[in-house]
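Subject: A structure for you to look at

Hi there,

I am passing a structure on to you, together with some notes on what turned up in it. Have a look at it first, then read on.

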Amino acid sequence: MDALTDLLDGVRARGAMFSQTVFDPPWGLRFATRAPLHLVATLRGTGWVVPDAGEPVRLEPGDVAIVRGPRPFTVADRPGTPPCFVVHDAETCTMPDGSEFRDEIRIGPRLCGMGRNETDLLLSGMYEVGSEVGRRLLAALPEVLRVPAAEYRSPAMDLVTEEIARDAPGQQVVLDRLLDLVLISTLRHWFDRPDARPPAWYAAMGDPVVGRALRMMHDDPARSWTVASLAVGCGVSRAALARRFTAMVGEPPMAYLADWRITLAAELLRGTDATVGAIARRVGYANAFALSVAFKRLRGVTPTEYRDDGGRAGERSAAPRAGAFADAAAR
């Protein structure tokens, strides 16, 4: 197990919404879904991803962009083109004035536009991220990341374009898994690009000492790790591990481990009926009291308050740390 595997495993599509839209310029499509993640690809023609805040990102034919929500954004033939349609959620698309989407614009399964032969073809996918582990991954991403087709194209993209053009039994499950594949392969490639700014822990995974320490913590987060025991497993001194880990990851080993344990605990609180005491033992705390103290310190609420509020309590308190986790300095 490694840090990236853990995070990607926590991001899985459920009810993924895919659609294709065909346009002749000028055109614009506004996404106001507040979804945490979108995938956008120009299958034919070119376009621009225009965030509400930040610089527009150009898409060449075949390029894939991953856009982090929940802020709205626009995809258009040019940065200044106003939107023709507004996507509100998986079921609702309107005209810019809020009037209903005209049925004649629907020209096939998951295909919209004024005809099939327009010059530009846009593929979009909306991705719901409901897990705490998934949110940790989102915090590591820029608002818009682009992977050029000339540099990399996920083999799953061809399967996506084939599958969304038809209706078949079990199709939603197929689309969910295909979106998972496209997202994971695109992210992994982007993390490895020379000009990318991946989170510090990703680069640290390649270090023979710090990478091993990270893998040990992710393999067995419930173990009673200390800097000394991690150092023994890495074959270095305690001081050397602490110094090297902090320099590469941006925080000491025990701070990283505590944050990861609390993330796992939050996931279990939202997704299971296990008692706080049972969850405490699963993530490396001796009892419910010890977990509650650590959870309150990092999330600003107790585990019970977090669970009672459906996971929403404490999100404001967790946000600064999530941002720090993504930054090379990590604090």
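Of the 331 residues of the chain, 52% count as buried, where buried means under 20% relative accessible area, exposed means over 50%, and partly exposed is in between (1.4 Å probe, protein chains only). Please bear in mind that this is a predicted model, in which local features need pLDDT of at least 70, side-chain atom pairs count only at pLDDT 80 or more, and totals for chains, interfaces and linings use all residues. Residues are numbered from 1 along each chain as its sequence is written, and side-chain values use heavy atoms, with hydrogens and water left out.

The chain has 13 helices and 13 strands; these are DSSP runs (H or I, at least four residues, for helices; E, at least two, for strands), numbered from the N terminus. Its accessible surface comes to about 15100 Å², and 54% of that belongs to carbon and sulfur atoms; the areas come from the Shrake-Rupley method with a 1.4 Å probe, and for residues only the protein chains shown count as cover. Among contacts (heavy atoms within 4.5 Å) between residues at least 6 apart in sequence, 71% join residues at least 24 apart.

Now to the charged pairs. Side chains of opposite charge can pair when their charged atoms come close. The whole structure holds eight salt bridges, each being a side-chain nitrogen of Lys or Arg within 4 Å of a carboxyl oxygen of Asp or Glu. Here are three of them:

- R30 pairs with D52, with 2.7 Å between the closest N and O atoms. The two residues are 22 apart and link distant parts of the chain: R30 sits in strand β2 (residues 28-31), and D52 in the loop between β4 (47-51) and β5 (57-59). D52 is partly exposed, at 46% relative accessible area.
- E151 pairs with R193, and here the closest N and O atoms are 2.6 Å apart. This pair also links distant parts of the chain, 42 residues apart, with E151 in the loop between β13 (144-147) and α3 (156-163) and R193 in the loop between α4 (171-191) and α5 (200-204). E151 is partly exposed at 37%, whereas R193 is buried at 14%.
- R244 pairs with D207 at 2.8 Å between the closest N and O atoms. R244 lies in helix α8 (residues 238-249) and D207 in the loop between α5 and α6 (210-219), so the pair ties together parts that are 37 residues apart in sequence. R244 is partly exposed at 35%, while D207 is buried at 10%.

Helix α8 also takes part in helix packing. How do α6 and α8 pack? Their axes are 10 Å apart, at an angle of about 90°; axes are lines fitted to C-alpha atoms, for helices over the stretch in contact, and angles run from 0 to 180 degrees between N-to-C directions. The two helices are therefore roughly perpendicular (65 to 115 degrees; under 35 is roughly parallel, over 145 roughly antiparallel and the rest oblique). V210, A213, L214 and M217 of α6 meet L241, R244, F245, M248 and V249 of α8. By class, that contact has eight nonpolar, no polar and one charged residues, with Ala, Val, Leu, Ile, Met, Phe, Trp, Tyr, Cys and Pro counted as nonpolar, Asp, Glu, Lys and Arg as charged, and the others, Gly among them, as polar.
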